[in-house]
Each structure stands twice: as structure tokens, then as C-alpha cells.
Amino acid sequence: MTMLQAITFDLDDTLWDNHGVMARTEEGHYRWLLEALEAWRAARQETALALSHEGGGQDYLQRRQQLAKEVPERRGDFTWLRLRALEAQLEEAGLHRSAALMWAASAMNEFHRLRVQVTPHPEAAGLLAALTERYQLAAITNGNIHLQRQPLASYFPVAIAAGELLAPKPDPTPFLTALSRLNVAPECAMHVGDSWQEDVLPAQQLGMHAVWISELGDRALPPRVHRIAHIKELPGVIEKLEKRQHHSGGVYSH
Ligand SMILES: [Mg+2]
């Protein structure tokens, strides 16, 4: 057995609860867009566009879903889907193409401004700070949070946006990309995440250790998989693993 050298983390619903911020971001950036556009058109003495928050928001969602079907390789690249959907919606609503592109980009700036306003679990920063003393750390997310602007960014020298790689988890590519950048073999690494399908299974199948964050322990755990209810229990799992590795020879056996 070899020693643990690196730990990779999912972000959303692993290091923070994502639900509230996502709802605020969804609602907030579209409302911002409609209000800013209305003011811009009024200043130019142009009529308001026929886009309501509710109807327009529903249409925006349907356009993203349709686009993800038409361009399946982009299905996990949520920023791309949103930009293209907004551009098309605004152009169809009557904006010139150049104005549609500008307003779609501005709306996505607002999206990212709101999207990074996550509140990490209170234990997260201290935990990551302690882990960086002993392990290399990386973040691997399917989400489209701005990786350099998220509040825990300084702990992750390697951060992978899997959707932008066109290989959202459970695709093994983002895991292998992180491991290769860290120069660590899968069996010397651990992935921590809340999704059984997107975090635990692909990591386990690559030979990594995996820590599943789930309050319910309703499954049999395959080898190298550990379950915790909350990120604050992670040090206990690592300690147990390190002890076991130490007793079995650690770095001296391969
Ligand atoms: Mg997650």
C-alpha cells in the first residue's frame, strides 16, 4: 500500500451548500439584465423589449436545455450554454446582434459576481489550511463558479472546471488531469465529494480513495470508499487511513 499524497475536492455541496446561492444567482442575474436593458432602451428612447422575468426566464431555461441536446459535447459547459441562450433570446426579442452579444456578456458578468458569493462551511478554511501542510490539494467541479474568485481558491493550486474541459464528471478526464498536474498516482490520492455517481464512483474506479459526503449511509461501500456526513469529519477518515498504511508498510511497499 502506498501513502496518501494528494486530496482532490468537489466544491458545490461539499465545501458549501450550493442551493441558496444558485437560486439567488439564477433569479438575480436575469432580473439585473431585464432592468439594465430597460433603462438602456429608455435612455435611447426605444420601446421596452417584450421579455418578462417569468416568461423570459422560462424561455432562457428551455433554450439552454435545447442547446445542450443539440451540442451534447457542451452539455456541461454551463457558462457557454447560458451565453448562447441569452444571445439568441435577446436577438430574437429585437436587439441588434452586437447589442445582444454585449448584453448577454454583461448578464454573465453579473451571474459570476453572484455565483461566487458562496459561504463555505465554517470548518472548511481551517481544514484545508491544515491539509495543505501535508498534502497537495486540487479542486474538481462540474459547476461554473469562477475558480479563481471563489472564497477558498487560495488552497487549490490546481483547479479543474470539468464542464469547460468538455468532460464533466463522471468522465475520468478531470480526475486524470488533476492527478497529472499534481504528478500523483491515483492510488496515492483521495477524492472528496457529495455525488455518488459523479464523485465517488469515477474516483474509486480509477483506483483513488474516495470520501462520500452523505448523511444517509444506505449503500454498501466498495473498497477504498469511506462515508462521512459532513466535511468536518474528514480528518478522522484520513487519520485512520494513514494509520492503516503505516502498519502495512506505507512507503516501503509498492
Ligand atoms: Mg457537488
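Modeller: The largest nonpolar core has 39 residues, and Ala6, Ala138, Ala139, Ile160, Ala189 and Met190 touch the most other members. Such a core is a set of buried Ala, Val, Leu, Ile, Met, Phe, Trp, Tyr and Cys residues joined through C-beta atoms within 7 Å. Buried means that 20 or more other C-beta atoms lie within 10 Å of a residue's own, with C-beta atoms placed from the backbone. Among the elements that give two or more residues to this core are strand 1 (6-9), strand 2 (136-141), helix 5 (124-132) and helix 7 (196-206). Helices (H or I, at least four residues) and strands (E, at least two) are DSSP runs, numbered from the N terminus. Apart from this core lies another, of 14 residues, including Tyr30 and Leu95.

This is a predicted model: local features need pLDDT of at least 70, side-chain atom pairs count only at pLDDT 80 or more, and totals for chains, interfaces and linings use all residues. Residues are numbered from 1 along each chain as its sequence is written.

Now Ala138. Leaving out residues up to four places away in sequence, Ala138 touches Ala6, Thr8, Phe156, Val158, Ala159, Ile160, Ala178 and Leu182. Contact means C-beta atoms within 7 Å, placed from the backbone.

Six strands form an open sheet with parallel pairing, in the order 3-2-1-4-5-6. Strands pair if DSSP finds at least two bridges between them. Strand 3 and strand 6 (225-228) are at the edges with a single partner strand each, so one side of each has no neighbour in the sheet. Strand 1 and strand 2 run parallel, joined by four bridges. Phe9 stands opposite Ala139 in strand 2.

How values were computed:
Buried ≥ 20, exposed ≤ 12 C-beta atoms within 10 Å, placed from the backbone. Contact = placed C-beta atoms within 7 Å.
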